[in-house]
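Hello,

Here is the structure I promised to pass on to you. Have a look at it first, and then read on for my notes.

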Amino acid sequence: MIAMTETILQSGFTPEAFEAFLASRREPAWLTLVRKEAWDAFEETPLPDRSLEEWRRTDLRLFRLGAFGLPRAAQSSHGSADQGSCPAKAADGRSITAAEGLLERNVELAGRLATWDSQTASSVLHEEWREKGVVFESLDSAIGQHEALLREHFLKPVVDWRADKFASLHAACWSGGTFVYVPPGVNVNLPLYTFSLLSPGQVDFGRTVIILGEGAEATVLSETASVDPGAPGLHCGAIEIRVGPNARLRYVNLQNWGTGVWHFAHQRALVERDGQLQWTIGALGSRLAKVNQHVALIGPGAEAQVNGVMFTEGKQHLSYHTLQHHQAPHCKSDLLYKGALQDKSHLVWRGMIRVDRDAQKTDGYQRNDNLILSDTVRVDSIPGLEILADDVKCTHGATSGRVDDEQIFYARARGLTRKEAVRMIVAGFFQQVFDRITIESVREALGDAIGSRVRECH
Amino acid sequence: MTETLAIRDLHVSVAGKPILRGVNLEIRRGEIHALMGPNGSGKSTLGLAIMGHPAYEVTQGTVELNGEDLLALEPHERARRGLFLAFQRPVAIPGVKMADFLRHAASNIRNPDRKEGEELIPMRLFRKELKEKMRQLRMDEEFARRYVNDGFSGGEMKRAEILQMAILRPKFAILDETDSGLDVDAVRLASQSIAEIGAREMGILIITHHEQLLEHNRPQYTHVMLGGRIVETGGPELAVELHKQGYDRLRAAYPEAAAASDALAAAVAG
């Protein structure tokens with residue numbers, strides 16, 4: 001069993017701290033170079049402000065990057081080292097203290113990976129899959145084990161690490177994370193599950209890399225949460241997905257951070273010829289979220305279905321920017337985002353279907369529906385199309401509306417309390433997107449989480 | 001003691017405008033009453049006000065169920081006391097399956113003290129019951145899986161209201177134009193269905209323009225509403241007369257109420 005030693009590097013994002021971080025990681029030289037280049041970009045790039053179109057609706061003035069520091073470095077050792085605040089050590093991988101994620105309830109898993117403040121806490125992959133060449137472990141450890149595969153990936157990353165200051169910071173300082181590799185033709189018929197926890201005041205710089213070989217199939221469920229639901233924290237992450245030719249990936253990403261967490265993420269998937277991706281985002285937590293979720297269809301016949309389930313309350317600000325990029329002909333993309341808002345929360349969705357000149361016979365669809373539960377919320381829903389090909393079918397739609405008083409009265413006349421009625425109406429609102437999610441534990445987790453959040457409605 | 005729904009001197013306004021102007025009506029359990037009258041006379045207002053629709057303000061009068069003041073209760077509490085309104089225009093709730101909606105409703109009404117989150121009627125038990133009722137009402141099983149009133153035809157909506165009544169088994173039910181928008185055969189089926197689900201054990205107020213709905217549910221009393229008041233009460237023969245001859249005789253007899261009724265109908269139409 002491996003114990004962890006911690007070096008606290010809580011001096012903010014200074015060059016000295018970065019040097020110490022690099023030194024603690026003992027990584028191959030090519031990776032150190034990649035990190036240094038990204039660090040330079042991070043230092044040169046200002047924090048985005050509202051003069052940029054993409055940040056126009058997202059106010060970062062209360063964000064203090066200096067209040068956080070680099071991820072704590074984890075080192076392998078065999079001594080009786082200080083275990084710090086990282087209590088998740090059991091060999092069965094099932095005991096990040098008492099924490100059980102929402103998505104793993106009553107689900108038989110092929111593997112489970114837990115991280116805590118960007119450090120790997122436990123990692124399990126059942127033997128059957130290991131023997132078939134499946135890799136499911138922390139990205140940290142995978143760098144050592146699968147260097148060739150990852151070097152190729154890192155030198156041509158899926159996410160643009162120059163996209164903004166956060167993308168660069170992440171590329172320089174990622175830690176922990178998840179690596180999933182499914183060899184060609186292998187079908188992992190049980191879900192792989194990752195659970196990432198964040199402690200008060202800490203950071204999560206986890207990076208997820210998922211690679212499916214030709215004809216491979218897998219289901220990956222990822223979930224993030226805070227130890228203390230009100231405590232501050234910083235997540236600066238990236239998700240990179242490669243769906244090979246004819247491969248099929250179902251990916252679910254539930255962000256359930258506490259309401260003190262700043263959540264910045266760049267997420268992008270490449271889908272090759274005849275590959276299929278179903279990507280579901282559940283967004284419940286965080287104080288402020290700015291997420292770019294991009295899907296690129298790069299081979300003929302590729303398909304992507306993108307689902308979003310958002311619920312905001314309090315003073316949460318969640319901003320999701322989606323791109324369905326059709327780069328090849330005969331591809332299909334279908335996006336459905338649904339959000340419900342209460343209190344003084346603010347939800348932004350800005351979607352784009354981009355069709356390149358050669359992407360003829362594109363079938364693109366995007367839709368965003370929002371349900372307003374109180375008069376003090378704000379919702380921005382901005383669909384967009386950029387089409388350079390001339391033989392395509394692209395449509396979009398967006399609606400925002402209140403819960404109808406007549407619906408509430410009708411349900412009350414059948415013996416439901418007002419609250420029960422509103423919960424039922426909200427659940428019904430999300431049903432259309434739940435109907436698309438074929439994984440029962442995901443539907444249940446999202447349904448329960450939303451149901452318990454709905455209060456009164458006026 | 002016979003169970004009674006008693007409406008006394010009921011005055012109701014909508015957006016400050018008086019609609020009901022002193023309605024008196026007493027229904028005992030086991031009785032069927034027909035309520036007729038031209039558009040704008042206040043029939044639907046009576047049903048919605050008794051059920052507790054927030055837009056309908058009671059400015060005077062009382063409604064009591066077995067001596068208990070219904071007006072002091074929330075709509076869901078009235079429903080749990082055994083009151084049912086079959087809506088003239090049922091409301092769609094997209095994404096909520098009829099079976100789930102009714103299971104919640106039935107759990108609350110059969111266990112009036114149920115708090116939210118407490119147990120519902122077991123799924124299997126309820127499904128079985130629902131299936132039997134649907135068979136009795138000659139409804140397709142598919143109905144239970146459809147979303148509440150979502151994309152229903154006029155006839156389907158009205159039949160769904162009868163199904164809900166059959167499941168919830170109220171003490172008192174108000175059927176607000178459960179025949180409107182239906183063809184003759186559909187009205188006959190509705191009439192028959194209402195009788196089959198045990199209307200005789202309830203106290204029922206049937207609001208209708210036509211007598212077909214009364215075919216299988218012969219009323220002991222027929223009331224005529226005009227200008228927000230019940231101006232005449234008779235036996236079943238009055239319903240037949242009104243259906244055949246219209247309201248001219250009553251308009252002539254109650255010109256002031258007829259004028260008030262016409263003004264409201266015009267306001268609604270405008």
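A:S118 sits in the loop between β3 and β4 (119-125) of chain A; helices (H or I, at least four residues) and strands (E, at least two) are DSSP runs, numbered from the N terminus. Although A:S118 is not a glycine, its phi is positive, at about 70 degrees. A:S118 counts as buried because 28 other C-beta atoms lie within 10 Å. The cut-offs are these: a residue is buried if 20 or more other C-beta atoms lie within 10 Å of its own, exposed if 12 or fewer, and partly exposed in between, with C-beta atoms placed from the backbone.

Before you go further, please keep in mind that this is a predicted model, where local features need pLDDT of at least 70, side-chain atom pairs count only at pLDDT 80 or more, and totals for chains, interfaces and linings use all residues. Residues are numbered from 1 along each chain as its sequence is written, while chains are lettered from A and ligands numbered from 1 in the order in which they are written.

On confidence, the predictor gives the complex an ipTM of 0.96 and a pTM of 0.88. Chain B has an average pLDDT (the predictor's confidence in each residue, from 0 to 100) of 92, and 99% of the residues score at least 70.

Now to chain A as a whole. Chain A has 9 helices and 23 strands. Its radius of gyration, 22 Å, is close to the 23 Å that the globule rule gives for 458 residues, so chain A is as compact as a globular protein of that length. (The radius is taken over C-alpha atoms, and the rule is 2.2 Å times the number of residues to the power 0.38.) Along the principal axes, the C-alpha atoms of chain A fill a box of roughly 65 × 50 × 50 Å. Of the 458 residues in chain A, 53% are buried.

Helix α8 (residues 418-434) has 17 residues and reaches 24 Å from its first C-alpha to its last, close to the 24 Å expected at 1.5 Å a residue; the expected span is 1.5 Å times one less than the number of residues. Since 13 of the 17 residues of α8(A) are buried, the helix is largely enclosed by the rest of the structure. The other is A:N106, in the loop between β2 (73-77) and β3 (111-116). A:N106 counts as exposed, with 7 C-beta neighbours inside 10 Å. The C-alpha atoms of A:N106 and A:E440 are separated by 9.8 Å, although these residues are 334 apart along the chain.

What does each chain bring to the contact between them? Chain B gives 20 residues and chain A gives 21, where two residues are in contact if their C-beta atoms, placed from the backbone, lie within 7 Å. On the side of chain B that touches chain A, α2 (75-80), β7 (93-97) and α3 (98-110) of chain B give two or more residues.

Chain B is divided into domain 1 (4-90 + 171-269) and domain 2 (91-151), with bounds from an automatic or database domain assignment. The C-alpha centres of the two domains of chain B lie 26 Å apart. Their contact takes 5 residues from domain 1 and 7 residues from domain 2 of chain B.

Finally, B:N149 also has a positive phi, about 55 degrees, without being a glycine. B:N149 lies in the loop between β8 (147-148) and α5 (154-168) of chain B, and is buried, with 22 other C-beta atoms within 10 Å.

Best wishes
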